[in-house]
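This briefing concerns a helix pair, a chain contact and a sheet. Please consult the structure shown here alongside the points that follow.

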Amino acid sequence: MIEIRDLTKRFGDFTAVDHLDLTIETGEFFGLLGPNGAGKTTTISMMSTVLLPSEGEVRIDGQVLDRKASEQKSKLSVITQEYSMRQDMTIDEVMEYQRRLYRLPRDKAREKCDELLEFAGLSEYRKRTVRHLSGGMKRKVMICRALLTEPEILLLDEPTAGMDALSRRQMWNLLRQVNGRNMTIVLTTHYIEEAQALCDRVALINRGALQKLDTPQALIDELGAYAVDETGDAGLKSRFFHDRDEAIAYLSSAGHQASFRATTLEDVFVECAGRKIS
Amino acid sequence: MGIITVLWEKWVEFRRDFYKITVSTMISPLMYLMIFGLGIQTTSHGEPYLHFLIPGIVAMSTMTGSFGATAQNMSVQRIYEKALDQVMVSPTPLWQFIIGQVIGGSLRGLYAGCVILLLTSPIRTDLIFNGLSLLIMFLNGMVFSSIALVLSFFAKTYSDAPRYTSFIITPMSFLCNTFFSTEQMPAGFRQVISLLPLSQASNMIRAIANAERPGFIGFVILGLYLLVFGIIAVVFIYKKKNL
């Protein structure tokens with residue numbers, strides 16, 4: 001279990017994360033959503049000790065996580081938003097470096113590495129230096145590297161950014177598989193449909209503060225499960241309804257430039273954040 | 001274990017860039033040796049100037065080799081590649097990472113010094129370089145690796161590493177007993193320069209080269225530098241809020 005208590009991060013006068021409180025259960029697939037600059041990456045960075053909080057703490061299984069906490073850190077793997085790896089190493093060397101940093105047995109790690117690279121379609125590129133890989137391939141290497149350690153907790157900061165649609169779907173399947181093995185996953189993403197498809201619960205944060213926290217479906221139901229989009233002089237405007245008949249009645253009265261659809265998590269997000277992000 | 005991991009990473013880098021590292025290690029010292037030692041042929045204390053210069057160049061090479069390798073590597077990893085994040089997140093104790101960096105950087109300095117010794121070996125000088133010389137070169141390299149580590153934690157941009165070289169390494173190269181003895185400097189300034197690590201390393205390597213006993217105080221001063229900067233580096237990596 002991950003407990004985030006009163007987590008705050010300030011950079012000078014700017015507060016990136018503002019007294020955030022969250023509890024993430026073991027085995028949960030948890031989404032952290034927010035517009036650009038909301039504090040998602042800063043939160044993930046504090047959850048991985050890359051940044052230290054100005055106030056508050058992160059606990060893993062009851063133990064405070066800090067840079068000395070090797071036992072807690074051995075449970076963690078992180079996929080950062082940036083390609084955080086040695087650009088002049090080959091894929092094989094990146095994986096070997098990870099094995100050594102996590103002190104994994106050589107034979108077991110080699111087998112796991114072969115399996116992951118095969119799954120990601122990277123086997124034939126393993127002698128290629130990271131610098132010479134495409135953005136999507138670098139992302140896949142980072143995912144393989146993170147999964148090599150078979151972590152109990154996986155922190156994913158925009159893991160599918162830069163991936164094509166097919167690769168993204170493959171990655172979703174992989175994440176579902178590993179989550180099925182009781183791995184706790186914390187995901188930040190700009191792809192709201194990704195969070196809706198994968199996450200058990202999502203937290204919407206804006207300006208570093210928690211706005212909403214619930215299951216995607218509960219958040220949608222709270223807003224209204226039915227939406228009517230109207231295109232007018234002011235652009236596209238959506239209205240939300242709890243009752244289907246009420247929505248259809250409104251649609252009938254709205255004229256031909258209106259359409260009916262199911263509410264999505266993105267609607268919840270836009271209403272909450274006040275701006276569209278994807 | 002973490003120390004071995006960092007040394008493995010350094011070895012991968014060294015193996016890949018072997019020719020580039022070796023050639024870049026040789027150029028400046030060779031120029032100094034050719035210009036000041038062979039071109040402008042002069043004497044110092046009744047001896048050929050080359051006898052004075054070679055130990056100084058060896059000490060200087062260990063400094064530039066260690067400092068350059070560590071400052072460059074850490075700045076790139078921390079600021080540009082963000083590869084340091086991978087280490088920060090891992091369970092490898094960070095003090096082991098620091099020791100690995102210091103030893104790894106020092107080995108690069110030692111390599112640079114040994115290349116110079118190899119290049120100057122055909123010149124008949126009767127200078128002595130033994131195991132103790134290598135130990136001093138290694139210690140000097142560790143001192144400058146630890147300084148480079150601390151400075152690289154302060155670096156805000158990728159271009160800060162070359163700036164540190166301009167502000168710290170270049171003045172030391174010229175002032176600290178490499179090309180002329182600190183004894184010729186004005187009082188006050190002389191004492192300050194004598195306390196700098198390169199002055200001590202040059203002094204000791206030169207003493208051994210001339211079949212004299214190196215002063216024990218040099219080891220103490222280098223050890224103190226290593227201890228202070230090593231501790232600062234460890235404290236930084238554990239406590240600095242925004243690495």
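Axes are lines fitted to C-alpha atoms, for helices over the stretch in contact, and angles run from 0 to 180 degrees between N-to-C directions. The model is predicted. In chain B, helix α6 (residues 131–154) and helix α10 (residues 216–239) have axes that come within 8 Å and cross at roughly 30°.

**Helix pair in chain B**
- Angles under 35 degrees count as roughly parallel, and α6(B) and α10(B) are therefore roughly parallel to each other.
- Their crossing, that of α6(B) and α10(B), is left-handed.
- Residues of α6(B) in the contact include B:Leu139, B:Val143, B:Ile147 and B:Phe153, while those of α10(B) include B:Leu222, B:Phe229 and B:Phe236.
- By class, the contact of α6(B) with α10(B) comprises 14 nonpolar, three polar and no charged residues.

**Contact of chains A and B**
- Chain A gives 26 residues to the contact and chain B gives 23 residues.
- On the side of chain A that touches chain B, α2 (70–73), β6 (76–79) and α3 (91–101) of chain A each supply at least two residues.
- The largest share of that side, four residues, comes from α3(A).
- The residues of that side of chain A are ten nonpolar, seven polar and nine charged.

**Sheet in chain A**
- Six strands form an open sheet with mixed pairing, in the order β6-β7-β8-β3-β9-β10 (chain A).
- Because β6 and β10 (209–214) of chain A each have a single partner strand, these edge strands are left without a neighbour in the sheet on one side.
- From one strand to the next, the twist averages 15°.
- β6(A) runs parallel to strand β7 (residues 153–157) of chain A, joined by four bridges, and A:Ser77 stands opposite A:Leu154 in β7(A).
- Helix α10 (residues 265–273) of chain A packs on the sheet, touching β3 (29–33), β9 (201–206) and β10 of chain A, and its direction makes about 25° with that of β9(A).

Technical notes: Residues are numbered from 1 along each chain as its sequence is written. Chains are lettered from A and ligands numbered from 1 in the order in which they are written. This is a predicted model: local features need pLDDT of at least 70, side-chain atom pairs count only at pLDDT 80 or more; totals for chains, interfaces and linings use all residues. Angles under 35 degrees count as roughly parallel, over 145 as roughly antiparallel, 65 to 115 as roughly perpendicular and the rest as oblique. A crossing is left-handed if the near helix is turned anticlockwise from the far one by less than a right angle, and right-handed if clockwise. Two residues are in contact if their C-beta atoms, placed from the backbone, lie within 7 Å. Ala, Val, Leu, Ile, Met, Phe, Trp, Tyr, Cys and Pro count as nonpolar, Asp, Glu, Lys and Arg as charged, and the others, Gly among them, as polar. Two strands pair if DSSP finds at least two bridges between them.
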